[in-house]
Amino acid sequence: MTPFQYERAATAPDAVRMASNSASAKYLGGGTNLVDLMRETIETPERLVDVSGLSRTIETRPDGSLLIGAAATNTALASDLTVRRDFPLLARAILAGASGQIRNMATVGGNILQRTRCAYFYDDAARCNKREPGAGCDALDGFNRIHAILGASPACVATHPSDMCVALVALDAVVHLEGANGTRRIPLADLHRLPEGRPDIETVLQPHELITAVEIPALSFARRSTYRKVRDRASYAFALVSVGAALDLSEDGSVRDIRLALGGVAHKPWRALKAEDALRGQPATEANFRAAAEAELTDAAPLRDNAFKVELARRTITAVLSELKGDAA
Amino acid sequence: MSIIQDAVKTAVRFVPDRWLPGASPDPLREKHGLLGAPISRVDGPLKVAGQARFAAEVPMEGLAYATLVHSTIARGHITSLDTSKAEAAPGVVLVMTHENAPRMNAPAMFMSRPDAVGASDLPVMQNRDIHWNGEPVALVLAETQEQADHAATLVKVEYESATAVTDFQAAKLAAHHPQSILGEPPLFEIGDAEKELNEAHHRVDLVFRTPRHNHNAIELHGATVRWDGDELTVHDATQMLNGTAGTLAEIFGINPDQVHVSSPYVGGGFGGKALWNHQILAAAASRLSGRPVRIVLSRESVFRIVGGRTTTEQRVALGAERNGSLRALIHTGTVAMTEHNNCPEQFTFPARHLYASKSFRLEQSVADMDMMANTFMRAPGESVGTFALECALDELAEQMELDPIELRRRIEPEKDPTSNNPFSSRYLLQCFEQGGERFGWNRRDPKPGARREGEWLVGLGCATGTYPYHRMPGGSARIRIEADGSAVVSTAVHEMGMGTATVQAQAAAARLGLPLEKVRFDYGDTSLPKGVLAGGSTQTASISAAVIAANDELVKELIRLAGNDSPLAGLGADKLEARDEGLASVDEPGRHETYASILARAGRDHLEVEAAAPPPLEMMKYSMHSTAAQFAEVRVNSVTGEVRVCRMLGSFDCGRILNAKTATSQFRGGMIMGIGLALTEETLFDPRSGRIMNPSLAEYHVPVHMDVPEIEVMWTDIPDPHAPLGARGIGEIGITGVAAAIANAVYNATGRRVRDLPITLDKLL
Ligand SMILES: Cc1cc2nc3c(=O)[nH]c(=O)nc-3n(C[C@H](O)[C@H](O)[C@H](O)COP(=O)(O)OP(=O)(O)OC[C@H]3O[C@@H](n4cnc5c(N)ncnc54)[C@H](O)[C@@H]3O)c2cc1C
């Protein structure tokens, strides 16, 4: 680890000011990802601005929407009664991730900005365009079983590993930001970038822009939602494929509305808009679920080791939607 | 060496039992009470309270902390080293590289001599050459661990790469027979097995693959070392105390008695806590800097410099007659190894002893690779060998429309099928019968895919497990009786959490006729009588043989001290037994005198004897093996291919079980490791670079709690007449057969045979 300065921020503007003094400054949430990367010298900030003391309130607003302070821990969010009742897919997604100990430390802001688990990103003896733009990508012809099947580029085939973000992106979450030039809000779906030629630029955030809160708009049918994660062991493993979904059925058994997102398949939490469009207004049958999954995955471009993900995603989407439909019946 | 062994073996076969040293069966083997009781571990309270001091916790004045820098190429040499930035970093005491490291002899390779335990015989940091990706190229010593870690990132090394062999598929093309497979010839044949196979009525001919594994004991490898002049003290986490002392002495050109190794607690060994580069480098850095040194490997460093289980590719071909008897048993294949070590992963060993067959062909080759020296890892050979053999048997049984247990009944041998020696004790079929009954084997539908619960397909599988009995030569033990009649038994052996300290205290108490509270067992330090290493499930028997020998001496001494005024006067050792804190006449229970009384009358404040165990000739006269029937019930998700083991049962025949509690734990632990072998564990060794890409517990998947179901264990508890205490050792057999039982259950659930481990979900989609 490279030596660094540490400061603890009391307010969001404070935090931004403290960070602005140093180009390599980083915000520190629970540290469960950042500190690991610092130990590997993949991240070498000169200054850490601890933002874990900023707002961690989870507020239910009269319109049914939620406002979550970015410093709320993963555990707090997953055990919030409103979340569990109104947005079960979010609670389930969080609980499917990491371990109890890590979730106790991890913050919402940090979870959103956690970095990929690509082995070649983690090993500075390997080539990685994310670490060193232009260096090349050793994952392309290497171990890429856990890598992306959607939206990847020759420069980078890494995935975004978060479970929580899959639920958030399905729920149309909006991220509240504070930067040197004031505050702004952007949909979470637009926060993370696809790698294209610059996989080192992972989000649309400005330098030192701080996530202050995440807002989840009300969604009445989100009570009928779930999250399913497929992984290599029963717990404490990242998703090979995960599916977060909410389903709204009309009386006639057709899909009135739907939210669907995938994890473990792309450089960002993947909102499955094609599948959603294919299903809206259609009978909620298994065949249609499968066809929708198919539609989402037509562009899938598997690598040497991860072709199974295409079939796995197809099956898991179908099973999750069938399960939600069954719940409705 | 092997010629001499053969000659001894042949000679021993014709020797009557009673001529063998220590041949009369150990009277304790039938004794109940303390032996076999589920006594809790004597070291438990200390560990729970955090008071057990592990190697990396020993305090020392003026300690400096070490961190390693690893090579990033697999073969070639260092062209330039820039240590200036590291040397200038805060707190740095020393940066050691091949340029300034003290001159050291290369470690003597394991088994090249009785006391040699070098994991490889490569010189350590003596020149610019690189032999594997991850080899230490520098050691940074600093005032704190954090400073050392930081400075290590500032060492700049440049290399020139040479062509390296890092792809097993390519290496296989040049595979060759090793000189021997742990003393056995690499090719063993009876009859013409290929011909018999071709003529057999039923045939299976299959290829199985198992991946590399890494050791992941919870305690990281660590050592705290200090020089006092030419005396070296090493607080180590090791399962080979005396060997470490002897090998280190030679490396540094001093006498073995100038090296003191202490290792009272080891947080998991499994074959991995051996002499690797880190102890050697720590001692070298300590010598160079004049400071005591602590080294604790990071998890990544453990992956890079501690070997693991090597990869195997195995062929099993079985030919059977209509009635089920085997005509041909062929088990051959190749493992990856280096030119500098000697761990050939003896996967063909189970096939030598398990089943009767008209012909055999057992052959192992090694493919030399530029990689970290592979090593022993819980049941090396047997764990992966039983996977291939027992899956093949399952396939054969299916083809023959026989229940797999029935097939094993039909091929049960009367004597060892390859050595022709009699079995000392073998109850494999009893394991299957009793285990099968308890597990509910008869509820298995032989038709795959027949049982479904929602999305889940459910299946049952079974397999044989096996592990040899070995007794290490060369161990000694001391017994000391104090004036109050209490006893201390001591020998330089190891407690890595298996229960050695507890079981040996129990055994000593039973042997000496003392209550447990009056016995202490001392171990874990080379100042004690020379002990055996903890490996190959041999410690219990090996220690016991030494304790028996010491006890014979003790009784002789006590008879002498007791003299003519004792109630025991005139009785010889064969007429005496230990009872009620002293000795008593076997025939006249009233004649008894306590140790305290004997010592008091003789005016002694203690009595001390020491003796060495006799050579393990029983192994040459008998085929001595433990066996097990492993059962698994699995669920395979029909949507995702995820496999979950929902129930396991291990039914073991390991001779006498000495402590029901610690034994259960050993068996279960082995079986859990077997789940990892079957379903999750795999070292990602990049064939392009020879680099391990998942050197962490996050990405190297050992089973977590949720992967581990209820596991039942049971045992025959039939003492082996030819083993001390009647016990054959239980540390490793637990993992054997498990991967096959699970793979066979997966087949029963799904109709899919997965022959390459681990059985990850993508192989079942
Ligand atoms: C062994 C292991 C297993 C794991 N398994 C899973 C899993 O299965 N599923 C899963 O989803 N995750 C998993 N994780 C990842 C875990 O969820 C993340 O490490 C955690 O959510 C990060 O949160 P944190 O608060 O600790 O972030 P930190 O490590 O503190 O920070 C992460 C990044 O976010 C930035 N940051 C933090 N807060 C803010 C803010 N308010 N504004 C702007 N930037 C900010 C930091 O600068 C840093 O770049 C695992 C982690 C580990 C170590």
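**Chain B, overall**

I began with the secondary structure of chain B, which comes to 19 helices and 29 strands; helices (H or I, at least four residues) and strands (E, at least two) are DSSP runs, numbered from the N terminus. Next I looked up the radius of gyration of chain B: it is 27 Å, close to the 27 Å that the globule rule gives for 765 residues, so chain B is as compact as a globular protein of that length. That radius is taken over C-alpha atoms, and the rule is 2.2 Å times the number of residues to the power 0.38.

I note that this is a predicted model, in which local features need pLDDT of at least 70 and side-chain atom pairs count only at pLDDT 80 or more, while totals for chains, interfaces and linings use all residues. Residues are numbered from 1 along each chain as its sequence is written, chains are lettered from A and ligands numbered from 1 in the order in which they are written, and side-chain values use heavy atoms, with hydrogens and water left out.

The C-alpha trace of chain B spans about 80 × 75 × 55 Å along its principal axes. I found 62% of its 765 residues buried, where buried means under 20% relative accessible area, exposed over 50% and partly exposed in between (1.4 Å probe, protein chains only). Of the contacts in chain B with a separation of 6 or more, 81% are between residues 24 or more positions apart; contact means heavy atoms within 4.5 Å.

**Chain B, domains**

I listed three domains for chain B: domain 1 (58-163 + 224-268 + 273-305), domain 2 (373-470 + 620-763) and domain 3 (473-615). These bounds come from an automatic or database domain assignment. The C-alpha centres of domain 1 of chain B and domain 2 of chain B are 38 Å apart. Across that pair, 12 residues of domain 1 of chain B touch 12 residues of domain 2 of chain B.

I placed Val609(B) in strand β24 (residues 606-612). Val609(B) counts as buried because its relative accessibility is 8%. Beyond its neighbours within four places in sequence, its contacts include Ala477(B), Ile479(B), Ala550(B) and Leu554(B). Ala596(B) is 13 residues from Val609(B) in sequence and 16 Å away in space, C-alpha to C-alpha.

I then checked the backbone. Phe270(B), not a glycine, has a positive phi of about 60 degrees. Phe270(B) sits in the loop between β11 (259-262) and α8 (277-289) and is partly exposed at 32% relative accessible area. Glu345(B), also not a glycine, has a positive phi of about 45 degrees. Its loop runs between β14 (326-337) and α10 (349-353), and at 2% relative accessibility Glu345(B) is buried.

The peptide bond from Leu757(B) to Pro758(B) is cis, with omega near -10 degrees. I located Pro758(B) in the segment after α19 (738-750).

**Chain A**

I counted 12 helices and 12 strands in chain A. The C-alpha trace spans about 60 × 50 × 35 Å along the principal axes, and 60% of the residues of chain A count as buried.

Chain A is divided into domain 1 (5-52) and domain 2 (225-328). I read 36 Å between the C-alpha centres of these domains of chain A.
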